Amino acid sequence: MTPSGSARTRRLPRNSGGAGGLGSAQRLIPGLGLVPFALYVLIFLLIPTVLALTTGFFNRSGAFTWDNVAALVDPTVLSTFGNSLWISLLTAALGALIGAVICYALLSFSPTSRLRASVEAISSVLAQFGGVMLAFAFIATIGVQGLLTVLLKDVFGFALYPGEIWLYQMPGLILPYLYFQIPLMVLTFMPALSGLKPAWTEANATLGGTSWTFWRRVGIPVLAPAFAGGFLLLFANSFSAYATAAALISQGSQIVPLQIRTALISETVLGRENLAGALALGMIVIMIVLMLGYSALQARTARWQK
Amino acid sequence: MSDPTPTTQRSGVSVRFRAVTKEYGAQRALNGLDLDIQPGEFVALLGPSGCGKTTALRSLAGLETVTSGELLIDGEDVTRVPVNRRDLGMVFQSYSLFPNLNVIENVEFGLRTRKVPAAERTARAQEMLDRVGLGDFAERFAHQLSGGQQQRVALARALVTRPRVLLLDEPLSALDAKVRTQLRDEIRRIQLDLGITTVFVTHDQEEALAVADRIAVMNSGKIDQIGTPEELYRRPETGFVANFIGQSTLLTALVHEGRIALLGREIDLTDPLPEGALARVRVRPENLALESFEHGEGEPGAVVTTSFLGSLRRTTVHLDSGLSIVVQHSAEDTPEVESRVRVRLLQDVVTAHVD
């Protein structure tokens, strides 16, 4: 290398170092744009979480106590957690499966086809359509005096509610929850499914594989992380859902978010104060366990993922 | 370079397309395609995009159902045999390695579907990886390999099952120039080693000329001409083939007493043409010479562009007759743009067509 060439090489790190110094200052200014959001998250998410968690360990007078946390094993609280868990697991599992099947069906249409674009657009709206509006939609359609309930009874003589009115009880949450769970799965899973290359199925076939060989050895393993991620999102979505249940469930606080409300507005539940914080802690623990399971799966697949 | 080993050597089988037609709605991708491929032969299907070459290959693979006609492999009619029972190896343009399986698992894939015992499977996969020069990459995943390496693995995966025919669907198109040439030559070496009948689809004439025993130039779903690279290059039978293979300039001249006047010379014809007919002749750059304007022979013109190609140079000359012509000459000669030159034909005999 010529002397001028080596001089140029030697200068390079200093130049790039200088540019780097300038770059970090330059990066800082646009970074300031994040400040309002960071403050928002701090004030309305981090601080309340810490408060919720810590209040669980103190009584009203501020003294440390295990009472609230101990109440988590109270039969009533345990059954509430049990309810929250099964409704969330069930609607997440059904939502993930049905959503995945819809994605698979959509795959046979081109990404620019009107049907696929419409389903994706509708999904993005419906995935956010929870809460009181959704509860009202169900009450108006299949409530005791709902349009469909009356129609079925008058025209076909079919009673939607021969016995109990299940819509206003725990099982009644399944249909409304699926209403937003399935579209959410379609939104999150479609990109992963579209990422399956047609050449993989063709390579499988030319190598003597059947459709089942492909799914067992390639399709399912490749999609598993995205499917598990979607399932986890659906679980969290349903586990933390409050308004839909609050508007539908007529009596009692059968799921944890409702129990937290009760604990917040009535200070004498089970004779313990600050139970809401302990309940929130319980929810966070469950989410952490699931997230750990998910990251274990991620770690298994990380070796072949970019 | 590895020697052919008896364990994987297999004499090739014949492949036959008989009046194969493939329609997509109103569009005809294959239009009564007839093609006979000899056992162990390496045939390139060459043509512009949309000529039907990929459809022909995919039909042979069973990835497309033909509308009519017959496909025969080793004399057996496979037209209705599903793709996974045709016993063919295929390499795709897009890297088609399974991302969740490492290199050796990818190569073993076809052996697993054939229920080959584990020990034999691994041994055969490893042997094939050695053959493509990736013996030390068995544990890697696709994303840890370059494009060229991925295609080598895909080649090993396609060959390890000892398929009857190897199908290559533009396997080099996504690679950069240097890797492309390297892998091209390696594919040919391995194909000769194994003696496997191979069908290679490409739009790159240089690729086809370099590796194929015979080239089938396709146009509108049919074969325009099939022949050895030399035959196609030296004696193109149609204007399409002449235009597609190599660079050439179309010249026209009136036939007079069995000869034609080209670039200031009287030239003989290989095949006689009627008196007074307008003969069309394709002249290749290497059959022309650039001469000095003052002292040389040939038709005068002015230099438009000149490009350096290593050992030689190609210069475009705008002839005074109004035609532009490309001349290939030694890189030592460096004509200046806009300078006056003469272009001379080096051939004494040409093949002319009347359209």
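A residue is buried if 20 or more other C-beta atoms lie within 10 Å of its own, exposed if 12 or fewer, and partly exposed in between, with C-beta atoms placed from the backbone.

This is a predicted model, in which local features need pLDDT of at least 70 and side-chain atom pairs count only at pLDDT 80 or more, while totals for chains, interfaces and linings use all residues. Residues are numbered from 1 along each chain as its sequence is written, and chains are lettered from A and ligands numbered from 1 in the order in which they are written.

Chain B is divided into domain 1 (15-242) and domain 2 (249-353), with bounds that come from an automatic or database domain assignment. Taken over C-alpha atoms, the centres of the two domains of chain B are separated by 39 Å.

Helices (H or I, at least four residues) and strands (E, at least two) are DSSP runs, numbered from the N terminus. Two strands pair if DSSP finds at least two bridges between them. β9(B) pairs with β3(B) (residues 42-46) in the parallel sense and with β10(B) (residues 222-227) in the antiparallel sense. Ala216(B) stands opposite Leu45(B), and its bridge partner in β10(B) is Ile226(B).

Contact means that the C-beta atoms of two residues, placed from the backbone, lie within 7 Å.

β9(B) and β10(B) form a hairpin with two residues between them. Ser220(B), in the turn, has a positive phi of about 50°. With 14 C-beta neighbours inside 10 Å, Ser220(B) counts as partly exposed. Lys115(B) also has a positive phi, of about 60°, although it is not a glycine. Lys115(B) is placed in the loop between α2 and α3 (118-131) of chain B, and with 8 C-beta neighbours inside 10 Å it counts as exposed.

Nine of the nine residues of helix α1 (residues 53-61) of chain B are buried, so the helix is largely enclosed by the rest of the structure. Among them are Lys53(B) and Arg58(B). Just after α1(B), Gly62(B) takes a positive phi of about 95°.

The contact takes 21 residues from chain B and 18 residues from chain A. On the side of chain B that touches chain A, the elements that give two or more residues are β6 (88-91) and α2 (103-113) of chain B. The residues of this side divide into 10 nonpolar, nine polar and two charged. Ala, Val, Leu, Ile, Met, Phe, Trp, Tyr, Cys and Pro count as nonpolar, Asp, Glu, Lys and Arg as charged, and the others, Gly among them, as polar.

**Two open sheets of chain B**

Three strands form an open sheet in the order β11-β14-β21, with antiparallel pairing. β11 (249-254) and β21 (352-353) stand at the edges, each with a single partner strand, so one side of each is left without a neighbour in the sheet. Leu254(B) stands opposite Leu278(B) in β14(B).

Another open sheet of three strands has the order β12-β13-β20 and mixed pairing. Its edge strands are β12 (259-262) and β20 (349-350), each of which pairs on one side only. Ala261(B) stands opposite Glu266(B) in β13(B).

| Strand pair | Sense | Bridges |
|---|---|---|
| β3(B) and β9(B) | parallel | four bridges |
| β9(B) and β10(B) | antiparallel | five bridges |
| β11(B) and β14(B) | antiparallel | six bridges |
| β12(B) and β13(B) | antiparallel | four bridges |
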